[in-house]
Amino acid sequence: MSQEGKAVIREMVAGRPKLLVPQTAAFVYCPGCHQPLVARAVAEALEELGMGDRAIGVFGIGCSSFLVGMLDIDAVNGPHGRPPDMATAIKHIYPDNLVFTVQGDGDLLSIGADPLLGALTRAEKITLIMLNNAVYGTTGGQMAPTSLLGQRTTTTPEGRDPASAGFPTHAAELIATFKGVVYSARGACNNPYNYQLTRNYIKTAFEKQMKGLGLSFVEVLSACPSNWRMSPLDSLKWIEEKMIPEFPLGEFKNTDRIE
Amino acid sequence: MAERMFIEGNEAIGWGAKIAGCQAFFGYPITPQNEITEWFAREFPRAGRVFVQSQSELGSINMVYGAAAAGARVMTSTSGPGWSLMQETMSHMANAELPCVVVDVQRGGPGGGPIRHAQQDYFQCTRGGGHGDYRNIVLAPASSQECCDLTQLAFYLADKYRNPVVILSDAIIGRLREIVEVREIDFGPVPNKDWAVKGKAGHKDGRRRIVEHSSDLFGRDPDYVTLLRRLSQKIRQMQESEVRYESYRMEDATLILVAFGYTARVAKEAVNLSRAQNIKAGLIRPITLWPFPYEAIREKAHQGAQFLVVEDSLGQMVEDVRFAVEGRGEVQLVSILDRHIPTDGGMILPDKVLAKILEMYAAQETKGYEPGR
């Protein structure tokens, strides 16, 4: 194959999606972080659906909020935990637009549990994407609702003890139980296969919204090497060996009608 | 086109919002503002506009944030405890420079308080209410008609300054039923909302819009102080341009009452009763609680007037009046402790205010009145 041909294929397979703003991830995120991969998956899904011009991204507080600059789409950044509320309103104002959120597990499941439950209960026609890295990333690695049992964090220095700190929250399974939800899935970015799977989950979730069916949700297991005190490579293993057994990947709900 | 209706203040706010072009209302039940939320639930969907009952006041105000970011004229309403819950996001909106209208139909506090009338949210409304440096314009209606008119003004001012505007009502003004002329008021053009998100396809230049609430990585401003300088200029401009108040029988007044909302109506009656006894009483009724009419009060203080503040709280606005008077005259207070009965249904009534006026007048006579002191 000619050099030129190889370059074309490389661009097709690994090229930067046009909706991903160049040079933003490099100075925002720590080495080995999976947030840029999720941003990329979102950008690819939007491009494949041709929805970049009609997409509105909504972000809260935490490392996920930096996505506001990474994606070349209209975006709103607001208070901690509130993206489902903001997305709800934007979708009501512009029903024909694709409105989605990207939040961390703390933003959505802890401080943001109230807007999450509200949006689920009202069956809002929006898409929620949640990164699960089992810690609070921006603030320095404190316990999150998703922290694993025994996991050492800066607020569980002896490891998460269920007697005092309870158990990990399983968002994708929980959200799938709501009648207003048409899609709920969990993916990961720890290898190329899981990345492709996750990208397709996100794309499906967007398609469900554009059909006007109900709420769609995708959780993504996401590495946080800095706060896990691990190398990026060890972080991939930790996702495979520790996180996926606790948080199994797959679709927990995929339906085309709510009743 | 004007239509006369016999409606309560809470409903008049709804009509005012509708003719002002409000596109969306998000609300959560709380007494004594329920008639507002119910009005929008009834009138907005049938008019093709957005109504969502939120899961909490946090939900309401953050939906307002989202709709405002999308460029819509949007509002919510609440009362005391719900108002407190909204403050974080109102601070974020001041930073993000998002226009919106928030109604606080005051009830008693602190805490759960009684669910009936009071005027205890003055400090929280006029000093921003949330964290950080910002101010909101605060409009205080004293009649059903003003509920309708000031709501329209609120939307205009919010868009003009890209800032939240507060309507501070109370349970009595909210539930008082009066004849209202529902008429559209033209305040002139407002800046267009080219900054709002609607999807890139919605912008003429096809470029993305970002609405954000901090001066971090993708900040609108080169640095933090640039943002603060702009907010500071906005605050100063509002102070210079937006002070509104009503003067009642002020021409020759030497004893000046200061009151807003329901107690302003009580104070007005007390002025009439005083005038009948040849006491030169007058009333300054702030319509904007922030920016506060300091100058109008200061001018009278320089001429030697005395002041009597009437407010249904332990005394909040009285501090602004003292600030304006600068120690040049006496400032007395008729407060929530002077209610006619000590229950949540008790009110400050004109005879109580009149008694205080007579007391002050008698002391004035004894000391001798010195104009221009």
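Colleague: In what order do the five strands of the open sheet in chain B run?
Modeller: Bear in mind that this is a predicted model, where local features need pLDDT of at least 70, side-chain atom pairs count only at pLDDT 80 or more, and totals for chains, interfaces and linings use all residues. Residues are numbered from 1 along each chain as its sequence is written, with chains lettered from A and ligands numbered from 1 in the order in which they are written. Strands here are DSSP E runs of at least two residues, numbered from the N terminus, and two of them pair if DSSP finds at least two bridges between them. The pairing in this open sheet is mixed, and the order is β10-β12-β11-β14-β15.

Colleague: Which strands stand at the edges?
Modeller: An edge strand has a single partner, so one side of it is left without a neighbour in the sheet. In chain B, that goes for β10 (245–248) and β15 (331–334).

Colleague: Which residue of β15(B) is opposite B:Leu308?
Modeller: Strand β14 (residues 306–310) of chain B pairs with β15(B) in the parallel sense, over four bridges. Opposite B:Leu308 stands B:Gln332.

Colleague: Which element gives the most to the side of chain A that touches chain B?
Modeller: Counting contacts as C-beta atoms, placed from the backbone, within 7 Å, 33 residues of chain A meet 34 of chain B. Elements giving two or more residues to chain A's side include β1 (55–59) and α7 (113–122). The most, eight residues, come from α5(A).

Colleague: What is the bridge partner of A:Val76 in β9(B)?
Modeller: β2(A) and strand β9 (residues 210–211) of chain B run parallel, joined by two bridges. The partner of A:Val76 is B:Val211.

Notes:
Two residues are in contact if their C-beta atoms, placed from the backbone, lie within 7 Å.
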